[in-house]
Amino acid sequence: MKTDLPAGSDDSAAAVRRIVQLYQELAPDRLSELEACYAPDAYFKDPFNEVRGVPAIRRIFEHMFTALQAPRFVITQQIVQDHRAFLEWEFRFRLRRWKPDVEQCIKGASFLSFDEQGRVSHHRDYWDAAEELYAKLPLLDVLMRWLRRKLATS
């Protein structure tokens, strides 16, 4: 995992290490640790959710563990500057009902801002739901290929 840390970023680097460890070791019995890593009124947005507050963020992850088999994050790169970080990651999981023996992988990135206590105050995930998820689902994959052909320049 590559890390770019500017001088004077020890507090931010420690906060990033804490959140990276949480995500890479995330499990249903560790969701209470979100409270130590996120500010009480933290904002979280991904392609499917936009919530504020640790209880709402926790519900997203509870749902993830209910809906998917063996979900896990692998952080592949991180850039830390001041009270902000950008993390590249792979989200690996298995679908419960469709090809449960095949591991799926979504590649994405998160932009994080930290408060003065080193807790995440803003978390925005960026990933292409069409390419990374919809194109892998039965029936939708056919539609996505057709759309790509129609919208491509040549």
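This is a predicted model: local features need pLDDT of at least 70, side-chain atom pairs count only at pLDDT 80 or more; totals for chains, interfaces and linings use all residues.
View 1. The structure holds 7 aromatic pairs. One of them joins Y23 and F73 edge-to-face, with 5.3 Å from centre to centre and 85 degrees between the planes. Y23 belongs to helix α1 (residues 10-24) and F73 to strand β4, so the pair ties together parts that lie 50 residues apart in sequence.

**View 2. The aromatic cluster.** Ring pairs connect Y23, F44, F61, F73, W89, F91 and F93 into a cluster. Y23 and F73, the edge-to-face pair of the previous view, are among its members.

**View 3. The largest nonpolar core.** This core contains 36 residues, and I19, L26, Y38 and F61 have the most contacts inside it. Two or more residues come from each of α1, α2 (34-37), β2 (38-45), α3, β4, β5 and β6. Helix α3 gives the largest share, 7 residues. In soluble globular proteins, nonpolar side chains tend to be buried together.

**View 4. Surroundings of I19.** Leaving aside residues up to four places away in sequence, I19 touches C37, Y38, L87, L112, F114 and V120. Both I19 and its contact Y38 are listed with the residues that have the most contacts inside the largest nonpolar core.

**View 5. The largest pocket.** At least two lining residues are supplied by each of α3 (54-67), β4 (68-81), β5 (84-95), β6 (104-114) and β7 (120-126). Sorted by class, the lining has 18 nonpolar, 4 polar and 2 charged residues.

**View 6. R58 on helix α3.** R58 is found in helix α3. With 27% relative accessibility, R58 is partly exposed, because this class lies between the 20% and 50% limits. R58 touches L31, S32 and L34 when residues up to four places away in sequence are not counted. One of these contacts, S32, is 26 residues from R58 along the chain, and the C-alpha atoms of R58 and S32 are separated by 8.0 Å.

Terms used:
Residues are numbered from 1 along each chain as its sequence is written. Side-chain values use heavy atoms; hydrogens and water are left out. Helices (H or I, at least four residues) and strands (E, at least two) are DSSP runs, numbered from the N terminus. Ala, Val, Leu, Ile, Met, Phe, Trp, Tyr, Cys and Pro count as nonpolar, Asp, Glu, Lys and Arg as charged, and the others, Gly among them, as polar. Rings of Phe, Tyr and Trp (its six-membered ring) pair if their centres lie within 6.5 Å; planes under 30 degrees apart count as stacked, over 60 as edge-to-face and the rest as tilted. A nonpolar core is a set of buried Ala, Val, Leu, Ile, Met, Phe, Trp, Tyr and Cys residues joined through side-chain atoms within 4.5 Å. Buried means under 20% relative accessible area, exposed over 50%, partly exposed in between (1.4 Å probe, protein chains only). Contact means heavy atoms within 4.5 Å.
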